Amino acid sequence: MNKILIVTTAVALASGAAFAQGAATGGSAGTASGNGLSASTAGIGATSGNSSALAMGGSAAGGRTQSRAAVHGNNNLNGQAMAQAHDGGDFAKSHTVCHDKSGDSVECRTKTMAHEPGSKPVMSTTTGGATVEQ
Amino acid sequence: MRNFIPLALLACSLSLPAVAQSSSASVSAGNLRGSVTVGANTPLPPKAEPQRGDDRCDSHGVEVRSADGSSSASASVTTSLGGSAVVAGGGSPGSTTRFVGCEARNIPPDHVPLDGGRNKGEHHE
């Protein structure tokens, strides 16, 4: 008999957008979980004038886990964070990608997915961002 | 000009035993402020008494601030023992990137590379 999964999956997502003259902030985050596994990622960025800042993070718990985060670029920044946990055929993973264009816009997108054998994967996508008002 | 719209703050509660982890981030640009938070709210399991040489750690964070201070972003993550967590940050040239928590690594402003301290991290369990 198949075990019963606690399927709380790819639910948590947060995004925001803010506008003000010459500045923009945006971010997104998500969590995928099920059957004792959980994976979360978050990313958020800011730009004002010629400056920009971007922070990413990810965490995973349960089973075998892996997490990775990176930010690249100079004035225009690209970042990504990935977290996943798996145990046998069960897995949960979350992936956030952010693009921070200096003085222009911040866009982040988070995709999450959780899966148990014999069931369809549950997926979610959320985006958050803002463009500097010209 | 449109008024400042606060970033949405959403916290998700998941009742999953043996899972305790969360991710959050906050940001500011000019007079803007915002944050996002997600994760399981199950309390972290009680920690065992620290052992000699015990380097276990469950909280990671990064803070990035631009050279002129007008833009900043921070992210923090936590996970239960045995899980994995990582953060990364970067900014425009001259920015400072400061790590807090488990991997507290300070990058002095005069050592920040021209790319604003871009970095990456990876963790496997």
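**Exercises on a predicted two-chain model**

In this predicted model, pLDDT stays under 50 over residues 1–20 of chain A, and the model has 87 contacts beyond four places in sequence for that stretch.

**Exercise 1.** Determine where in chain A confidence is lowest and where it is highest.

*Solution.* Begin with the chain as a whole: chain A averages a pLDDT of 81, and 84% of its residues score at least 70. Next, consider the individual elements. Confidence is lowest in strand β1 (residues 13–20) of chain A, with a mean of 41. The highest value, 94, belongs to strand β6 (residues 77–87) of chain A.

**Exercise 2.** Describe the secondary structure and the contacts of chain B.

*Solution.* First, count the elements: chain B has seven strands and zero helices. Their order along the sequence is β-β-β-β-β-β-β. Then turn to burial: of the 125 residues in chain B, 48% are buried. Finally, take the contacts in chain B with a separation of 6 or more; residues 24 or more positions apart account for 59% of them.

**Exercise 3.** Identify the residues with the most contacts inside the largest nonpolar core, and examine M56(A).

*Solution.* In soluble globular proteins, nonpolar side chains tend to be buried together. The largest nonpolar core here has 40 residues, and those with the most contacts inside it are L54(A), A55(A), M56(A), A75(B) and V87(B). Strand β4 (residues 51–61) of chain A gives the most to this core, six residues. Now set aside the neighbours of M56(A) within four places in sequence: its contacts then include V71(A), A81(A) and C98(A), and also A75(B), V87(B) and A88(B) from chain B.

Notes: Residues numbered from 1 in each chain as written. Chains lettered and ligands numbered in written order. Predicted model: local features only at pLDDT ≥ 70, side-chain atom pairs only at ≥ 80, totals over all residues. Core = buried A, V, L, I, M, F, W, Y, C linked by C-beta atoms within 7 Å. Buried ≥ 20, exposed ≤ 12 C-beta atoms within 10 Å, placed from the backbone. Helix = DSSP H or I, 4+ residues; strand = E, 2+ residues; numbered from the N terminus. Contact = placed C-beta atoms within 7 Å. pLDDT = per-residue confidence, 0-100.
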